[in-house]
Amino acid sequence: MAKYLVKRVGRSLLTLALIICIVFILMRQMPIEGYFQNFDKLTDAQIQAGLKEQGLLDPLPVQLVHFFQNMFQGDFGVSHSYRVNVPVTEILKDKLPVSIRLGCLSILVAMCLGIPLGTLMARYKGRFFDKFGTLFIVFIQAVPAAVYFLFIQMYGTTLLNIPLLFNPNNWRSWVLPVISMSLGNIAYYGMWLRRYMVDESNKDYVSLAKAKGASGGRIMFRHIFRNAFVPMVQYLPSSFLNTVIGSIYVESLYSIPGMGGLLVTVIKDNDNNMVQAIVLLYATVGVIGLLLGDIMMTVLDPRISLGRKEGGR
Amino acid sequence: MKENDNFSKVILSVRDLNIKFTLRGQVLHAVRNVSLDVYKGESIAVVGESGSGKSVLTKSFMGLLDGNGFISSGEILYNGKDLAKFKTEKEWQGIRGSEIAMIMQDPMTSLNPLKTIGEQIAEAVRLHQPDIKGREAVRNKVYSYLQDVGIRDPERRYKQYPHEFSGGMRQRVVIAIALACSPEILICDEPTTALDVTIQAQIMGLLKELKAKYDLTIIFITHDLGVVANIADRVAVMYAGDFVEIGTAEDVFYDPRHPYTWALLSSLPQLGQKGEELFTIKGTPPSLYKTIEGDAFAPRNPKALKIDFLMAPPCFEISATHKAKTWLLDPRAPKLEPPEGIRNLRNLEVLG
């Protein structure tokens with residue numbers, strides 16, 4: 001197990017390093033306007049001097065080494081246009097925790113509601129609850145999120161008297177954004193868990209458990225749920241990532257100072273250092289997510305043998 | 001060969017049972033007017049080709065029919081209760097496992113892949129043997145079952161998962177689970193079909209042993225007469241949802257009367273002559289969506305009588321133990337001899 005973990009983590013780190021290199025090299029192909037605030041008014045000489053000062057005229061490998069050196073010291077350069085000359089880490093330090101906390105909360109809510117939803121739908125397959133759940137899932141998936149986000153905001157703020165604008169110190173202002181962000185995941189978990197549970201319940205071992213004389217509830221939870229949950233586990237980390245990145249609309253609706261939309265903005269503005277840092281951040285979260293998903297799978301499913309998986313194939 | 005009067009006590013009695021399925025608006029009549037007595041302590045084999053209703057029949061003893069299947073009429077009497085009248089899962093839970101247990105066809109899929117085999121056997125012990133209390137006691141009981149089914153080193157095997165076992169070993173685990181329920185009747189639904197031939201013999205031998213040790217009544221379901229030849233006390237031949245012939249193994253193997261039994265026996269590979277093709281039964285079984293007129297086997301029987309197409313034959317009693325439904329047994333029928341090959345089954349000593 002430990003050997004596998006070390007290997008797997010090492011491989012993740014390698015993946016990350018590769019992503020950094022590729023993104024870094026790609027970023028160097030971008031227009032250089034982004035490195036200056038008043039690019040139009042500068043003379044060629046001034047531009048060259050500016051580039052030299054920022055080390056951008058060095059050969060690419062040298063720049064890459066510099067980047068890695070700085071990265072390990074926690075220095076990702078400064079922002080050129082988003083917030084001029086403020087270190088990138090400074091900007092992200094304020095924004096990231098808000099997004100992560102929102103993301104975690106909404107995933108938690110989604111799991112607390114989505115898993116029972118899927119379980120009950122599978123348990124009462126074809127009956128009222130299943131149909132009701134399907135209606136909910138189809139609604140959430142078919143209606144553009146922006147539509148129900150607006151309704152939640154409209155009715156949430158007026159009927160429940162919840163403040164419209166986000167304030168990290170007032171827990172009530174967290175409620176509506178968290179609900180909005182979790183709805184998609186509730187539907188997603190519900191849909192997949194139902195599907196996996198229905199799949200499992202048609203398997204032979206379930207008939208054997210039944211023939212053994214186990215009660216319906218016991219079969220449902222001890223056998224079917226546990227086994228259906230294993231493939232679900234892989235989705236959890238990636239849905240967390242999506243929630244953190246994909247909260248642009250919710251964050252702007254409630255004026256939440258989070259990460260949502262930041263990447264799009266900085267790409268548009270050619271703020272290369274910011275782009276580099278945010279892509280690295282997301283890549284890290286993604287790689288960690290996959291790693292965690294794999295590790296959880298191996299813990300839950302004895303058929304996935306760690307040692308042999310490496311050697312085989 | 002044991003005689004039938006050793007099993008004087010009827011443990012399970014099926015009376016005029018009809019089982020139907022609704023499929024896309026059509027009604028499929030899977031089991032047609034079946035009557036069968038199962039005697040305590042015997043092993044009876046239900047033989048028939050795929051789709052003859054043999055699995056459906058036994059599943060109905062445990063309330064395991066698929067959702068679209070139902071018992072339309074008839075009785076299944078067990079211990080003074082009519083199982084055909086059972087409605088709720090709760091009622092069935094009193095029967096499943098503790099009274100009637102089942103071994104399924106494919107050991108590769110019938111174990112939960114995410115639980116250790118120890119846990120899976122222990123679950124049955126806890127469900128059906130409440131007098132065994134405490135973790136240690138349950139565990140020891142599981143060890144003893146594992147040993148009984150011929151799994152060595154039970155302490156180590158207890159903690160292993162199904163994927164660490166071969167097919168034959170898994171079937172032994174499935175048998176251990178059935179034993180752990182401490183049932184009266186054990187239904188073996190083609191227990192060796194998914195296994196290779198050498199393992200088949202081992203598993204059948206094991207079942208024979210366990211039957212004696214645990215005083216079980218065993219109902220075998222199989223399409224292979226050869227498999228049950230030396231374990232079954234009685235053989236019931238099923239065709240198109242009905243028994244066409246039933247008798248002791250000796251009756252059915254050495255003195256078969258129904259043309260379908262003849263055909264089945266003729267297709268035993270043991271009877272094949274080198275260089276000749278094996279015997280096969282031509283045609284396909286009748287559609288169970290339609291009402292069957294006359295003898296269900298008549299259209300596939302080259303020597304069918306005219307009456308076979310017109311009227312269903314009654315059940316003729318050949319001896320106290322041997323019955324068959326064929327017009328050939330009517331005194332007015334022409335004397336037809338069974339095919340050449342199966343007349344010397346006795347000399348081949350198929351019953352071992």
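Me: In which sense do strand 4 and strand 5 of chain B pair, and over how many bridges?
Reply: This is a predicted model, and in it strand 4 of chain B covers residues 69-78. Y78(B) stands opposite K81(B), a residue of strand 5 of chain B. The pairing of strand 4 with strand 5 is antiparallel, and the number of bridges is 2.

Me: Which strands stand at the edges of the open sheet in chain B, and why is one side of each left without a neighbour?
Reply: The open sheet of chain B is formed by 4 strands with antiparallel pairing, and their order is 2-1-4-5.

Me: How many helices and strands does chain B have, and what is its radius of gyration?
Reply: Chain B has 12 helices and 12 strands. For its 352 residues the globule rule gives 20 Å, and the value for chain B is close to this, so chain B is as compact as a globular protein of that length. Along the principal axes, the C-alpha atoms of chain B fill a box of roughly 70 × 50 × 40 Å. The radius of gyration of chain B is 21 Å.

Me: What share of the residues of chain B count as buried?
Reply: In chain B, among contacts with a separation of 6 or more, 67% are accounted for by residues 24 or more positions apart. Of the 352 residues of chain B, the share that count as buried is 45%.

Me: How many helices and strands are there in chain A, and what share of its residues count as buried?
Reply: Chain A has 14 helices and 0 strands, and its C-alpha atoms fill a box of roughly 85 × 60 × 30 Å along the principal axes. Among its contacts between residues at least 6 apart in sequence, 74% join residues at least 24 apart. Of the 313 residues of chain A, the buried share is 29%.

Me: Is F67(A) buried or exposed?
Reply: F67(A) belongs to helix 3 of chain A, which covers residues 60-72. Its C-alpha atom is separated by 51 Å from that of L135(A), which is 68 residues away along the chain. Because a residue with 20 or more C-beta neighbours within 10 Å is classed as buried, the 21 neighbours of F67(A) inside 10 Å make this residue buried.

Me: Which element gives the most residues to the side of chain A that touches chain B?
Reply: The contact takes 19 residues from chain A and 26 residues from chain B. On the side of chain A, the elements that give two or more residues are helix 8 (204-211) and helix 9 (216-233). By class, this side has 6 nonpolar, 6 polar and 7 charged residues. The element that gives the most, with 6 residues, is helix 8 of chain A.

Me: How many residues has the largest nonpolar core, and which element gives the largest share of this core?
Reply: The largest nonpolar core has 133 residues, and those with the most contacts inside it include V46(B), I121(B) and A176(B). Leaving aside residues up to four places away in sequence, A176(B) touches I121(B), Y145(B), L146(B) and V149(B). Another core lies apart from the largest one and has 10 residues, among them L102(A) and F166(A). The largest share of the 133-residue core, 9 residues, comes from helix 7 (residues 172-201) of chain A.

Definitions and conventions
Residues numbered from 1 in each chain as written. Chains lettered and ligands numbered in written order. Predicted model: local features only at pLDDT ≥ 70, side-chain atom pairs only at ≥ 80, totals over all residues. Pairing = 2+ DSSP bridges. Buried ≥ 20, exposed ≤ 12 C-beta atoms within 10 Å, placed from the backbone. Rg over C-alpha atoms; globule rule 2.2 N^0.38 Å. Contact = placed C-beta atoms within 7 Å. Nonpolar A, V, L, I, M, F, W, Y, C, P; charged D, E, K, R; others polar. Core = buried A, V, L, I, M, F, W, Y, C linked by C-beta atoms within 7 Å.
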